[in-house]
Amino acid sequence: MAGATHQTSEGWSSRWAFVLAAVGAAVGLGNVWRFPTLAGENGGGAFVLFYIGCVVLIGLPLVLSEILVGRAGRSDAIGSVRNVAAESGRSGAWATLGWIEVLCAFLILSFYSVVAGWVIYYAGVMGRDLLSAIGSGAPFAGALQGETTETISQRMGDLFTDIPLLIAMHTVFMGITFAVVARGVHDGIEKAATYLMPAFFVLLIGITIYGAFLGNFSEAVAFLFTPDFSKLTAPVMNTALGQALFSMSLGSAALMTYGAYVSRETKLAPTAGMIAFADTGVAIIAGLMIFPIVFAVGLDPAAGPTLVFQSLPVAFQQMPAGSIVGFLFFVLIFFAALTSSISLLEAPTSWGINERGWSRPKSAFIFSFSAFVVGIFCLLSLNVLSDVRLLGFWSIFAETNIFDTIDGFTGKVMLPVAALLTSIFVGWRADRKLVENETGLEGGMFVVWRFLVAWLAPIGVALILVFGLFPGLLGS
């Protein structure tokens with residue numbers, strides 16, 4: 001195979017191990033934090049309905065596309081694209097797609113670890129509160145008893161000014177991520193997914209049931225599933241489509257990298273469907289978990305990014321067993337963040353192993369430490385470097401700090417560009433027989449899937465890219 005690169009020798013022990021790991025890669029802060037935030041900000045039902053449509057028609061076809069490139073290429077994301085291009089008689093320049101995805105994963109990991117550090121901090125706050133409640137003989141009391149609403153809400157602002165604490169939490173999370181990835185696919189990533197994902201789903205369902213009984217479940221259901229199509233504006237539709245890509249880890253090399261470890265016996269199409277279904281289901285359930293609690297205590301569902309870290313602790317204070325549920329809630333978010341960060345680190349680590357010949361621990365350390373350093377600048381932009389503008393010359397980033405610039409650049413530019421190139425590569429440039437054999441789809445199913453990848457996905461992703469870069473085109 002001309003131009004081919006080293007193929008991986010690692011693999012999943014079973015199909016279910018891959019599914020759990022891939023679901024863990026897709027299910028993260030984008031589902032538990034970002035989706036409820038965006039649903040609240042964009043009017044609920046109409047946003048949710050359009051989001052589901054985007055997942056089915058664009059997200060799912062691209063999930064299968066990324067996994068099949070990984071399995072066909074049997075290498076890191078860069079090597080896999082290069083291998084498939086070579087087998088298809090195409091230019092090795094298509095490896096640029098892999099480079100974009102791996103770099104995107106690295107950059108997302110840098111600020112993702114900072115946010116996950118906030119989660120660790122809040123889990124610690126709620127854990128100490130639970131121990132205090134147990135010690136006082138009131139384990140089922142509301143959380144943070146004796147604190148005012150202002151004190152609870154101000155805690156996040158205080159955290160942002162505490163640089164040593166921010167660095168410590170960032171260090172802990174990145175250290176845990178490194179420790180898992182350094183142990184390998186079977187002994188590290190797979191075992192983490194095997195334990196963390198079932199625990200995540202148990203906590204998710206448990207807290208949702210809690211909210212259904214003690215919160216305003218009917219209002220939450222109405223908010224999420226009663227569409228008001230007058231709110232389905234062009235900006236809302238573009239946001240929903242972008243969230244579908246972000247939530248499913250498309251364009252960040254995770255699924256392509258994990259796909260390289262999938263056995264030939266695994267049927268990719270139904271497996272991709274399971275991943276997409278689980279990812280979307282978690283997002284919807286997360287809304288049903290959070291909004292009953294929000295509505296029960298009269299909080300604003302459109303509170304934005306502060307919903308999880310400032311609004312919900314106030315809600316837990318006002319609800320029975322708030323100490324227990326509050327602690328478990330942040331543990332749940334920690335699990336979601338960790339399984340995603342593992343996949344983000346695995347993408348560049350795999351490249352270091354296959355392309356540079358590094359040992360797995362060395363490669364994982366180099367990239368986790370490098371992402372950690374970039375993350376330091378992200379967290380400093382919340383305080384002492386708040387006036388620094390990395391891309392100040394670019395109008396859409398003229399007023400954003402380092403953290404928001406890296407977040408915005410990966411989300412508005414790199415992820416859509418990678419997804420667009422993936423759809424073109426798989427839909428138009430990769431060998432048709434190779435693609436058909438990898439998907440396992442036949443007849444009409446393959447024709448429909450290929451149409452979605454080759455035509456609908458490029459159009460949809462191009463719209464995200466154009467309107468993300470030129471938001472004025474959408475109006476207000």
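Let's start with the cysteines: the structure holds 0 disulfides, a disulfide being a pair of cysteine sulfur atoms within 2.5 Å. C54 is in no such bond, and its nearest cysteine sulfur, that of C104, is 19 Å away. The sulfur of C104 has its closest cysteine sulfur in C378, 13 Å off, so that is too far for a bond.

A word on what you're looking at: this is a predicted model, where local features need pLDDT of at least 70, side-chain atom pairs count only at pLDDT 80 or more, and totals for chains, interfaces and linings use all residues. Residues are numbered from 1 along each chain as its sequence is written, and side-chain values use heavy atoms, with hydrogens and water left out.

Burial comes up a lot here: buried means under 20% relative accessible area, exposed means over 50%, and partly exposed lies in between (1.4 Å probe, protein chains only).

| Residue | Relative accessibility |
|---|---|
| C54 | 6% |
| C104 | 0% |
| Y121 | 15% |
| Y122 | 2% |

Now for the rings. A search of the whole structure finds 35 aromatic pairs. Rings of Phe, Tyr and Trp (its six-membered ring) pair if their centres lie within 6.5 Å; planes under 30 degrees apart count as stacked, over 60 as edge-to-face and the rest as tilted. Take W12 and Y261: their ring centres are 5.7 Å apart and their planes sit at 75 degrees, so this pair is edge-to-face. The pair links distant parts of the chain, 249 residues apart, with W12 in the segment before α1 (15–26) and Y261 in the loop between α11 (254–259) and α12 (268–296). (Helices are DSSP runs of H or I with at least four residues, numbered from the N terminus.) Both W12 and Y261 are buried.

Y121 and Y122 make an edge-to-face pair as well, at 5.3 Å centre to centre and 85 degrees between the planes. These two tyrosines also belong to one aromatic cluster whose members include W118, F160, F329 and F403.

What about the nonpolar core? That term covers a set of buried Ala, Val, Leu, Ile, Met, Phe, Trp, Tyr and Cys residues joined through side-chain atoms within 4.5 Å. The largest one has 171 residues, and W12, W118, F200 and F329 have the most contacts inside it. Helix α5 (residues 95–135) gives the most to this core, with 23 residues. Apart from it lies another core of 6 residues, among them L391, I396, F397 and L465.

Conventions
Helices (H or I, at least four residues) and strands (E, at least two) are DSSP runs, numbered from the N terminus.
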